[in-house]
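Here is a short note for a first look at this entry. Please read it with the structure open beside you.

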Amino acid sequence: MTTAITVFDVGGTHIRQAWWLRGGELHTRTSRPSPSFKRFPGATVAELQDMMVRDLCDTVPETPDAVVGISFGAALDHHSGIVYASAPLWGEHSEPYDLRAALASRRPDVRWHIVNDVTAALLHAAAASSRSGHRKVLLATISSGIACRVIDQRQGRIPVDGCGLQGEIGHLPAVAELAGAPVALDCDCGKTGHLAAYASGPGIARLARVLEQREPGRWAASRLGLLTADGLGFEAALRRALDERDELARELLDAATAPVAAVLRTALCLDPEIDEAVLTGGVVHGLGHHYRRALMGHLTRQGLYLTSERTPDWLERRITVTGPGEADSLAGAGIAACAGVPA
């Protein structure tokens, strides 16, 4: 295997690319927009997939024994690499797609290794020396999409079901409430009431529009409303409003984190061997300590039956929020390629 591996992290918004050295270092990072259905609304899914394949293949150098690791933002078979669906990239489309075959057809000189982006992030996070003694580690990414994975550190494996899947929590049924009333929103996959419909980056923006419609006076008078009215982008406005302790911004974030807290509460209740639940992704990084505050608020008010009463810090010790680079899917793609994953 070559010393340097080309690695990609393909998300619904950006394609990140770098060189991964077998010693664990990333070099020459670049980023460019992904060919998603939101960026090219008139394109068919087949055209979007072809754009993706051409983009990836054309940027891999023609070198002997070229190896590529891809972290791909989609529900995919961990064994075969078959892509089942990617709501952030292709919307409602859910026809299986053999991405590896398409890449190999265009660039047969390359050895392609494809893993889910959350799997890649977990591989990198789990490799940290501070987690070497953990029994299990759960990693959840909150970004343009939502998913999680759990790795058994003792066996070095991520268990999957018969379809090669695990942890697609973004498309579990969820409930949300704003201004004292339930909210029903559509997910990018086309279904109503999924976790990602409320708690992903686009989901939080949807919740904000609902809040503005339900309480226009409060919205207009809030820092969040004033900042967005002045032309500041929603993500930056939300972070700034939270920094300034805007009550409406806090209410919005509480509504968005409630269904995430419900999933984590259930996971930790069912599997007490999970020694750490790591949160990462663009939403988590963008909102920083505000995100953890809102999440832990839910888990403090309603934690685990008896455990939270007898050991109040049990959940607090298990929920961590990463900073940028601490659960890097690019590095995880390199780890996966070096290990020959998927088999």
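How many positive and negative side chains does the protein have, and how far apart do the centres of the two sets lie?

1. Charge. The model is a predicted one. The protein carries 34 positive side chains and 39 negative ones. The centres of the two sets lie 3 Å apart.

2. Overall form. The C-alpha trace spans about 60 × 50 × 35 Å along its principal axes. The radius of gyration is 20 Å, which agrees with the value near 20 Å that a compact globule of 343 residues would have.

3. Make-up and contacts. The protein holds 14 helices and 13 strands. Take the contacts between residues at least 6 apart in sequence: 61% of them join residues at least 24 apart.

4. Surface and interior. Of the 343 residues, 50% are buried.

5. Strand E1. This strand runs over residues 4-10 and is mostly covered. Six of its seven residues are buried.

6. Partners of E1. Strand E2, residues 14-21, pairs with E1 in the antiparallel sense over seven bridges. Three residues lie between E1 and E2, and the two strands form a hairpin. Trp19 in E2 is the bridge partner of Thr6. E1 also pairs with strand E4, residues 66-72, here in the parallel sense over five bridges. Ile70 in E4 is the bridge partner of Phe8.

Notes: Residues are numbered from 1 along each chain as its sequence is written. This is a predicted model: local features need pLDDT of at least 70, side-chain atom pairs count only at pLDDT 80 or more; totals for chains, interfaces and linings use all residues. Side-chain values use heavy atoms; hydrogens and water are left out. Helices (H or I, at least four residues) and strands (E, at least two) are DSSP runs, numbered from the N terminus. The radius of gyration is taken over C-alpha atoms; the globule rule is 2.2 Å times the number of residues to the power 0.38. Buried means under 20% relative accessible area, exposed over 50%, partly exposed in between (1.4 Å probe, protein chains only). Contact means heavy atoms within 4.5 Å. Lys and Arg count as positive and Asp and Glu as negative; His and the chain ends are not counted. The place of a charge is taken as NZ of Lys, CZ of Arg, CG of Asp or CD of Glu. Two strands pair if DSSP finds at least two bridges between them.
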